[in-house]
Amino acid sequence: MSVKTRISLSTVVVLLLGLLGGAVGADAQTPKFAVISTQEIIQGSEAGKKAIEELTALRQQKEEEVKAKQQEIADLRNRLAEGRLSLSEDKIQELQDELETKARELRRLQEDAAADLQKRQEEVLSDIEKQVMPIIQQVGRDNGYTMIFRKFDSGLVYIDEAVDITPMVIERLNQQLASEGGDSAGGE
């Protein structure tokens with residue numbers, strides 16, 4: 001390709017981009033952005049507060065189950081320590097086997113509890129998101145927003161707080177829940 005051809009091709013590309021940019025700029029409206037804080041929606045909305053209460057109760061229940069199993073193990077260890085001098089070798093071995101079994105049960109209980117909590121948290125948050133997304137979309141349409149970002153999940157490092165519509169979303173979510181009779185995040 002000759003130098004003259006490259007210059008002509010470059011000129012055409014620049015002109016086309018200029019024309020397209022001018023046409024797009026003339027017809028398009030200025031973008032309007034907003035952000036929401038997922039954390040604030042969860043902490044500030046009635047649905048989020050109920051979800052937090054439910055997850056806290058579930059976590060406490062799982063902790064009590066783990067503590068009960070830990071107490072069983074502690075009691076068994078005490079019996080084994082106290083009986084080392086008076087129990088037969090067979091009985092000592094039986095207690096040690098039982099202790100190992102209970103320790104495995106404890107590990108499994110802890111793993112299952114963590115998995116149950118994680119699963120329930122994901123379900124609850126998904127339920128809230130299903131309730132919030134139509135509200136966010138409606139707020140976006142009603143207020144002429146081109147884009148709405150999640151404040152901390154989007155990689156933003158700075159945002160003017162004036163574009164944070166979280167309080168408006170929380171208010172509308174609470175109004176929706178009140179008009180529906182308050183049945184929210186539990187999904188039960």
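User: Before I look at any detail, what is pLDDT?

Analyst: pLDDT is the predictor's confidence in each residue, from 0 to 100. You need it here because this is a predicted model. The chain has a mean pLDDT of 82, and 81% of its residues reach 70 or more.

User: Where does pLDDT stay under 50?

Analyst: Here is the general idea to keep in mind. Where pLDDT is low, the predicted coordinates should not be read in detail. In this chain, residues 2-27 stay under 50, and the model gives them 2 contacts beyond four places in sequence. Residues 184-188 are also below 50, and that stretch has 19 contacts in the model beyond near neighbours in sequence.

User: Which residues of helix 5 are buried?

Analyst: In helix 5, Thr166, Val169, Ile170, Leu173 and Leu177 are buried. They cover an arc of only 100 degrees around the axis, which puts them on the same side of helix 5. Pro167, Ala178 and Ser179, on the other side, are exposed.

User: What do the buried residues of helix 5 pack against?

Analyst: Their partners are strand 1 (33-36), helix 2 (38-44), helix 3 (46-83) and helix 4 (89-143).

User: How should I read a nonpolar core?

Analyst: In soluble globular proteins, nonpolar side chains tend to be buried together. The largest nonpolar core here has 18 residues, and Val132, Val169 and Leu173 are among those with the most contacts inside it. Strand 1, helix 3, helix 4 and helix 5 each supply at least two of its residues, and helix 4 gives the largest share, 6 residues. Val132 shows how the pieces meet: leaving aside neighbours within four places in sequence, Val132 is in contact with Ile41, Val169 and Leu173.

User: Which residues does the second, separate core include?

Analyst: That core has 8 residues, including Val66, Ile73, Leu80 and Leu99. Take Ile73, which lies in helix 3. Ile73 is buried, with a relative accessible area of 5%, and the cut-off for buried is under 20%. Beyond its neighbours within four places in sequence, Ile73 is in contact with Leu99, Lys102, Ala103 and Leu106. The C-alpha atoms of Ile73 and Glu100 are separated by 9.1 Å, although these residues are 27 residues apart along the chain.

How values were computed. Residues are numbered from 1 along each chain as its sequence is written. This is a predicted model: local features need pLDDT of at least 70, side-chain atom pairs count only at pLDDT 80 or more; totals for chains, interfaces and linings use all residues. Side-chain values use heavy atoms; hydrogens and water are left out. Contact means heavy atoms within 4.5 Å. Buried means under 20% relative accessible area, exposed over 50%, partly exposed in between (1.4 Å probe, protein chains only). Helices (H or I, at least four residues) and strands (E, at least two) are DSSP runs, numbered from the N terminus. The arc is that of the directions from the helix axis to the C-beta atoms. A nonpolar core is a set of buried Ala, Val, Leu, Ile, Met, Phe, Trp, Tyr and Cys residues joined through side-chain atoms within 4.5 Å.
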